[in-house]
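This report describes one protein model, starting with its overall dimensions and ending with a few local details. Please look at the sequence and the structure first.

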Amino acid sequence: MLKNLQAKLKDQKGFSLVELIVVIAIMVILIAMLVPNVVGYIKKANWATEQNGASTVFSAAQTYVTDYYAKYGENPTVPTLDALKDANLLTKAPAIHYSIYLATNADAAVDYVAWSSKNSPDGNEGRYPIN
């Protein structure tokens, strides 16, 4: 009897169609559960990168405005990213456009840095520092 079973098993090669369909269905379900999570993590990582860039631009703009105020005794016009790069406060221009806003009620102060982003968790523009 054992020899008959071994002989039958030797003749069978591969998996049946039903077994393959079940395995593929399980893989599709697992992938469908993972894809939204991975996309969410990528979006969060891009948002964190944009916030980091805004922090760098904010610090560079604050340094630029403070130096200008110390040198000339008045607030400069709003510094551009190119002006910050020319003053060697940024090593390279950021990949996205940041808008710098100066405080109107203080001397030598940057109020915040803003940028528009599709990665924003609430759909609004990004701001640094967060008010």
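## Overall dimensions

The radius of gyration of the protein is 29 Å, whereas a compact globule of 131 residues would have one near 14 Å. The radius is taken over C-alpha atoms, and the globule rule is 2.2 Å times the number of residues to the power 0.38. Along the principal axes, the C-alpha atoms fill a box of roughly 100 × 30 × 20 Å.

This is a predicted model, in which local features need pLDDT of at least 70 and side-chain atom pairs count only at pLDDT 80 or more, while totals for chains, interfaces and linings use all residues. Residues are numbered from 1 along each chain as its sequence is written, and side-chain values use heavy atoms, with hydrogens and water left out.

## Elements and contacts

There are 3 helices and 3 strands in the protein, and their order from the N terminus is α-α-α-β-β-β. Both kinds of element are DSSP runs numbered from the N terminus: helices are H or I with at least four residues, strands are E with at least two.

Among contacts with a separation of 6 or more, 48% are between residues 24 or more positions apart; a contact means heavy atoms within 4.5 Å.

## Surface and charge

Of the 131 residues, 21% count as buried. Buried means under 20% relative accessible area, exposed over 50%, and partly exposed in between (1.4 Å probe, protein chains only). The protein exposes about 9,900 Å², and 60% of this area comes from carbon and sulfur atoms. Areas come from the Shrake-Rupley method with a 1.4 Å probe; for residues, only the protein chains shown count as cover.

The structure holds 1 salt bridge, meaning a side-chain nitrogen of Lys or Arg within 4 Å of a carboxyl oxygen of Asp or Glu. R127 pairs with E125 in this way, with the closest N and O atoms 3.5 Å apart. Side chains of opposite charge can pair when their charged atoms come close. R127 is partly exposed, at a relative accessible area of 31%, and E125 is partly exposed too, at 41%.

## Backbone details

Most residues other than glycine have a negative phi, and most peptide bonds are trans. N88 is not a glycine, yet its phi is positive, about 60 degrees. N88 sits in the loop between α3 (81-86) and β1 (99-102) and is exposed, with a relative accessible area of 68%.

The peptide bond between Y128 and P129 is cis, with omega about -10 degrees. P129 belongs to the segment after β3 (126-128).
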